[in-house]
Amino acid sequence: MRKRALVTGATSGIGEATAIKLADLGYNLIITGRRRERLTTLQKKLELKGVSITTLAFDIRKKQEVEDAWNQLSAEELKIDILVNNAGLASGLDPIHNGKLDDWEAMIDTNLKGLLYISRLVSPGMVERRSGHIINVSSIAGVEVYANGNVYCASKHAVQALTKGMRIDLLPYSIKVSSISPGMVDTEFSTVRFHGDKKKADDVYKDLTPLYANDVAEAIEFIITRPPHVNVNDMLLMPTNQASATCTHRKN
Ligand code: NDP
Ligand code: 8X3
């Protein structure tokens with residue numbers, strides 16, 4: 001029987017690439033995000049690979065929406081082997097004294113509370129079955145702090161702490177918990193961070209070769225294909241042109 005994975009934030013970037021990778025590996029999938037049409041388009045594309053795809057459109061910040069979506073799943077669909085907690089964003093890049101409360105709430109509610117809502121729903125089934133693997137998409141921002149990254153970095157540091165906490169709590173049930181911490185990945189991330197300012201977003205990746213979403217999906221493939229006795233606790237994955245959160249090598 002095919003295994004099933006749930007990928008949050010599959011409507012673009014790392015989540016979409018991971019969903020494609022998991023479908024190629026033969027996983028049935030539950031894919032989530034707010035943009036319903038994108039989920040449907042991806043569903044049609046992935047079903048051609050012969051796997052079963054369930055789409056759930058909800059705003060992960062809204063506890064009731066998450067629970068209502070979860071309650072739509074069949075008993076079969078509730079058996080989730082792999083959870084990829086990927087949905088997340090940076091909103092704004094301002095010093096702490098100028099930060100926008102709406103940006104801060106969006107990041108904390110999505111990156112932290114959203115991840116918790118989903119994990120709270122999925123993990124009891126894993127505990128019951130004594131198996132499963134949770135992969136939290138963290139960031140170099142969960143390892144380092146950079147100027148004006150304050151709340152985004154705090155949210156990803158919290159993801160790192162939660163990953164460690166989950167690993168300890170789920171240890172008796174043979175459930176693996178991993179995080180992956182990428183540096184710059186060219187997705188919609190920077191366009192979202194700069195509230196749609198494409199020029200500012202493009203400048204982030206200017207004159208260097210960033211990671212692409214598929215690079216992260218391939219790393220997630222590595223993490224989930226280790227033998228049962230091996231767990232990757234955290235994988236820090238950087239572009240060759242980036243040595244740390246703030247140290248990049250640009251061609252010009
Ligand atoms: P994208 O903006 O391309 O993708 C973000 C995904 O998260 C989308 O599918 C989006 O779906 C979903 N999402 C965001 N907010 C919500 C919400 N409120 N409810 C439901 N889904 C939501 O960015 P990335 O692929 O780059 O980001 C994926 C993860 O990777 C994030 O956690 C990010 O912090 C992390 N990351 C990114 C890096 C980068 O440089 N790009 C580097 C390190 C980590 P929709 O809008 O349809 O709701
Ligand atoms: C995204 C990468 O460097 O903008 O998490 O924090 S960075």
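This is a chat about a predicted model of a protein with its ligands.

Q: Before we start, how are the residues, chains and ligands numbered or lettered here?
A: Residues count from 1 along each chain as its sequence is written, while chains are lettered from A and ligands numbered from 1 in the order in which they are written. The model is predicted, and local features need pLDDT of at least 70, side-chain atom pairs count only at pLDDT 80 or more, and totals for chains, interfaces and linings use all residues.

Q: OK, what's the mean pLDDT of the protein?
A: The mean is 98, and 100% of the residues reach 70 or more. pLDDT is the predictor's confidence in each residue, from 0 to 100.

Q: And what ipTM and pTM does the complex get?
A: The predictor gives 0.99 for ipTM and 0.99 for pTM.

Q: Let's go to ligand 1. Which residues come nearest?
A: Gly9, Gly13, Arg34, Gly88 and Phe189 do, out of 27 residues around ligand 1. A residue counts as near a molecule or strand if its C-beta atom, placed from the backbone, lies within 6 Å of it.

Q: Which helices each supply at least two residues of that shell?
A: Helix H1 (13-24) and helix H6 (189-193). H1 gives the most, with three residues. Helices (H or I, at least four residues) and strands (E, at least two) are DSSP runs, numbered from the N terminus.

Q: How does the ligand 1 shell split by class?
A: Eleven residues are nonpolar, eleven are polar and five are charged. Ala, Val, Leu, Ile, Met, Phe, Trp, Tyr, Cys and Pro count as nonpolar, Asp, Glu, Lys and Arg as charged, and the others, Gly among them, as polar.

Q: What about ligand 2, which residues are around that one?
A: Ser139, Ile140, Ala141, Gly149, Gly183, Met184 and Ala245. By class, the ligand 2 shell has four nonpolar and three polar residues, with no charged ones.

Q: What does Gly15 touch?
A: Leaving out residues up to four places away in sequence, Gly15 touches Val7, Thr8, Gly9, Ala10, Asn86 and Ala87. Contact is when the C-beta atoms of two residues, placed from the backbone, lie within 7 Å.

Q: New topic: the strands. Why is E5 largely enclosed by the rest of the structure?
A: Strand E5 covers residues 132-137, and six of its six residues are buried, so E5 is largely enclosed. Gly132, Ile134 and Asn136 point one way, and His133, Ile135 and Val137 point the other way.

Q: Which strands pair with E5?
A: Strand E4 (residues 82-85) pairs with E5 in the parallel sense over four bridges, with Val84 opposite Ile135. Strand E6 (residues 175-182) also runs parallel to E5, joined by six bridges, and there His133 stands opposite Lys176. Pairing needs DSSP to find at least two bridges between two strands.

Q: And which helices sit in the β-α-β units with E5?
A: E4, helix H4 (residues 101-129) and E5 make a right-handed unit. E5, helix H5 (residues 150-170) and E6 make a right-handed one too. Right-handed means that, with the strands pointing away from the viewer, the path from the first strand over the helix to the second runs clockwise.

Q: What about E2, how many bridges does that strand make with E3?
A: Five, in the parallel sense, between strand E2 (residues 28-33) and strand E3 (residues 53-57). The chain crosses from E2 through helix H2 (residues 36-47) to E3, and that crossover is right-handed.

Q: Where is His195, and what's its phi?
A: His195 is in the loop between H6 and helix H7 (198-204), with a positive phi near 50°. His195 counts as exposed, with 12 C-beta neighbours inside 10 Å.

Key
A residue is buried if 20 or more other C-beta atoms lie within 10 Å of its own, exposed if 12 or fewer, and partly exposed in between; C-beta atoms are placed from the backbone.
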